[in-house]
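Hi everyone, thanks for making time this morning. I'd like to walk you through one structure, so please have a look at it with me.

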Amino acid sequence: MQEAQNIFDDPVFFYSYMELRSEENFNDLLEQPSMGALLPPLEGRRVLDIGCGFGRNCMDFVQRGASEVLGIDISSKMLNIAMKENPAPEIEYRRLAMEDLSTLEGGFDLIYSSLAFHYALDFPRLMRDCHDLLVDGGILLFSQEHPIATASRNTDNRYVKDDEGNVFFKVADYPSEGERHVRWFVDDVVHQHRTVSTLVNAMCDAGFTIVRCVEPSPDRRAIRRLEGLRRDLVKPSFIIFKARKGV
């Protein structure tokens, strides 16, 4: 069986990523506010955070009243920081790949994942596992890279201007799903490209009812804080789904 890439434990990648997250960034200004707006009430709830990273969201869930939070991640480096910087009696951190979700005991009210599912090797299986781990009426809330952003195999010079100065984003290879090898701090970071219809159909086939789909776009205040966000007025970087187990 193919194993998931653990790029976050690569020393060069990890410390470059840490430096990025210590500054104003797309996650904090664009993706996280949109995810936060979709969170259900968490008072007394059990939460599973897939790809929990540094554990910041796990701590936020506790502050929102969650009674139990399990944060899983494939990266031991991420988990070491999470246990040091975001510990709480209600939080357990565990090293586990999302491909091994079926080893967990279910009964979660919320399964949350921020920008991890585009690394999943088998998305339909992931959706079935998430469905099995949720209580009836439980919520799945996840973000991932937008399929428009992951589509093209050639990632060079994707933003272009016409003679009038209008900016466009070049999209290619969209229907051709599978691995995309990109450079992000280091060479050969592997993302999985899937079409929007594949994502939607996998959720529906697993038994989820889709509640909301969001493609975050920056407002003026966010752009003033980080000028690079202006590119998301041309095309979205992220897509977010909120789904419920059952109708």
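Let's start with the cluster of rings: F117, F123, F142 and F241 are linked into it by ring pairs. Keep in mind, please, that this is a predicted model. Across the structure, the count comes to 6 aromatic pairs. One of them is F117 with F123, an edge-to-face pair with 6.4 Å centre to centre and 75 degrees between the planes. F117 and F123 are each buried. Another is F142 with F241, and this one is tilted, with the centres 5.6 Å apart and the planes at 35 degrees. What I like here is where the partners come from: F142 belongs to strand 5, residues 134–145, while F241 belongs to strand 11, residues 238–245, so to speak a link between distant parts of the chain, 99 residues apart. F142 and F241 are buried as well.

Now, which residues have the most contacts inside the largest nonpolar core? They are L48 and F117, in a core of 29 residues. Helix 5 provides the largest share, with 5 residues.

Next, charges over rings. R46 has its charged end over the ring of F108, at 4.4 Å from the ring centre. K235 does likewise with F169: the lysine lies over the face of the ring, 5.1 Å from its centre.

Let's move to the surface. Y159, V167 and V234 make up a nonpolar patch there, and together they have about 210 Å² of accessible area. Y159 sits in strand 6, residues 159–161. Is Y159 buried or partly exposed? It counts as partly exposed, because its relative accessibility is 32%.

N157 is not a glycine, yet its phi is positive, near 50 degrees. You'll find N157 in the loop between helix 6 (147–150) and strand 6, and it counts as exposed because its relative accessibility is 61%. D173 is also a residue other than glycine with a positive phi, near 65 degrees. Its place is the loop between strand 7 (167–169) and strand 8 (178–184). With 30% relative accessibility, D173 counts as partly exposed.

Technical notes: Residues numbered from 1 in each chain as written. Predicted model: local features only at pLDDT ≥ 70, side-chain atom pairs only at ≥ 80, totals over all residues. Heavy atoms only, no water. Phe/Tyr/Trp six-rings, centres within 6.5 Å; stacked < 30°, edge-to-face > 60°. Buried < 20%, exposed > 50% of the residue type's maximum accessible area, 1.4 Å probe, protein only. Helix = DSSP H or I, 4+ residues; strand = E, 2+ residues; numbered from the N terminus. Lys NZ or Arg CZ within 6 Å of the ring centre and 35° of its normal. Patch = residues over 30% accessible without salt bridge, like charges linked within 9 Å, V, L, I, M, F, W, Y side chains within 5 Å. Areas by Shrake-Rupley, 256 points an atom, 1.4 Å probe, with all protein chains shown as cover. Salt bridge = Lys/Arg side-chain N within 4 Å of Asp/Glu carboxyl O. Core = buried A, V, L, I, M, F, W, Y, C linked by side-chain atoms within 4.5 Å.
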